[in-house]
Amino acid sequence: GAAAAALGAGALASWLPAGSRAASPTVSGLSAIHWRLAIAGLLGVFLYFLAQGAVWSYFGEIGAASRVAPAVIGRALAISSIAGIGGALLAVVVCTRSNRSLPLVASAAVSVVSFILLLGHVSGIAFVVSGILFNAAWNFSMPFLSGMCSAADARGRIVCSMGCIQTVGTGLGPAVAATLLGQNGFSSVLWMSVAVVVLSMAVVLGGLRAHHRESISGAFRSA
C-alpha cells in the first residue's frame, strides 16, 4: 500500500505544472525526474508521517492512561507546539544541501526516543519531554525531506506530490494505530511506529546513496 501510494504520486507528478523554466527541456517531461530519489523520498515521507500520525493521534490518551493530570497534558501539548517551531528554526540553522543524511537520521533517532518515553507507565515529566522531542524532531525533518524531493525534480513536481503523500500518511496513521490497540494498551502502536520510522530512514538513506552514486557516475561520463 505504501509503495503503491508513493509510485502513484510519482507517476502523477509528471502532469503537474513545472515550477521552473530553467529546467532543461525534455520530450515527455519524465527524464528530468530522478526516479530512484523521487520514489525513495515519497515512500520515506509516507512512512515517517504514518508513524508520527499514529502516535500523535493518541498522544493525549497515552498520558491519560498513565493518569497524567489533564493540566499537564494540556501544558505538554502547548509546549510541544513551541518546540515544533524551534525544530523548524534549527533546520534553518543547520540546513545543508550536501549532506541531508545526518540531519534526517538525527530527527528519526529523536522521534524514536520520544516514542519510547511513552512506553509503560508515563510520568508527567516524561510525557512533557516526549511531546517536546516529538514535535521538534518532526518539524526539523520536514525541510530536509522537502529538499530531498526537490532535488529529485528541478521543476518542482515531486515536492508538490510530497504534500499529498504526507497528508495521506498522517491520515492513515490513526487508522493503523486503531487496529493495534488491545490488552497491551498503546505499546503495540508505539513499537510499530518505532519500526516504521526506522524503515522510513532505511528507504530515504538508500535513495540518497543511490542518487549520490548516480551523480558521481554522471560527472565522470560528462568529464
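Student: What pattern does the protein chain follow when read along the sequence?

Tutor: Reading along, you get α-α-α-α-α-α-α-α. This is a predicted model, where local features need pLDDT of at least 70 and side-chain atom pairs count only at pLDDT 80 or more, while totals for chains, interfaces and linings use all residues. Residues are numbered from 1 along each chain as its sequence is written, and side-chain values use heavy atoms, with hydrogens and water left out.

Student: How many helices and strands make up the secondary structure?

Tutor: Eight helices and zero strands. Both are DSSP runs numbered from the N terminus: helices are H or I with at least four residues, strands are E with at least two.

Student: Why is Ser-200 called buried?

Tutor: Buried means under 20% relative accessible area, exposed means over 50%, and partly exposed is in between (1.4 Å probe, protein chains only). Ser-200 has 0% relative accessibility, so it counts as buried. You'll find Ser-200 in helix α8, residues 187-222.

Student: Which residues does Ser-200 touch, leaving out those up to four places away in sequence?

Tutor: Gly-44, Leu-47 and Tyr-48. A contact here means heavy atoms within 4.5 Å.

Student: Why is Tyr-48 put in the buried class?

Tutor: Its relative accessible area is 1%, so Tyr-48 is buried. Beyond four places away in sequence, Tyr-48 touches residues including Ser-107, Trp-138, Leu-145 and Ser-200.

Student: What makes a set of residues a nonpolar core?

Tutor: They must be buried Ala, Val, Leu, Ile, Met, Phe, Trp, Tyr or Cys, joined through side-chain atoms within 4.5 Å. The largest such core has 55 residues, and those with the most contacts inside it are Tyr-48, Leu-118, Phe-127 and Leu-145. Helix α2 gives the largest share of this core, 14 residues.

Student: Why is the pair of Tyr-48 and Phe-49 called edge-to-face?

Tutor: Let's start with the rule: rings of Phe, Tyr and Trp (its six-membered ring) pair if their centres lie within 6.5 Å, and planes under 30 degrees apart count as stacked, over 60 as edge-to-face and the rest as tilted. A search of the whole structure finds nine aromatic pairs. In this one, the centres are 6.3 Å apart and the planes sit at 70°, so Tyr-48 and Phe-49 are edge-to-face. Phe-49 has 3% relative accessibility, so it counts as buried.

Student: And why is the pair of Trp-56 and Phe-59 called stacked?

Tutor: Those ring centres are 4.9 Å apart with planes at 25°, so the pair is stacked. Trp-56 has a relative accessible area of 28%, so it's partly exposed, whereas Phe-59 at 0% counts as buried.

Student: Which aromatic cluster do these residues belong to?

Tutor: Tyr-48, Phe-49, Trp-56, Phe-59, Phe-115, Phe-127, Phe-134 and Trp-138 form one aromatic cluster.

Student: Why does Val-93 count as exposed?

Tutor: Its relative accessibility is 68%, so Val-93 counts as exposed. Val-93 is in helix α4, residues 70-94.

Student: Why is Ile-82 called exposed?

Tutor: With a relative accessible area of 59%, Ile-82 is exposed. Helix α4 is where Ile-82 sits.

Student: How far apart are Ile-82 and Ile-132 in sequence and in space?

Tutor: They're 50 residues apart in sequence and 8.2 Å apart in space, C-alpha to C-alpha.
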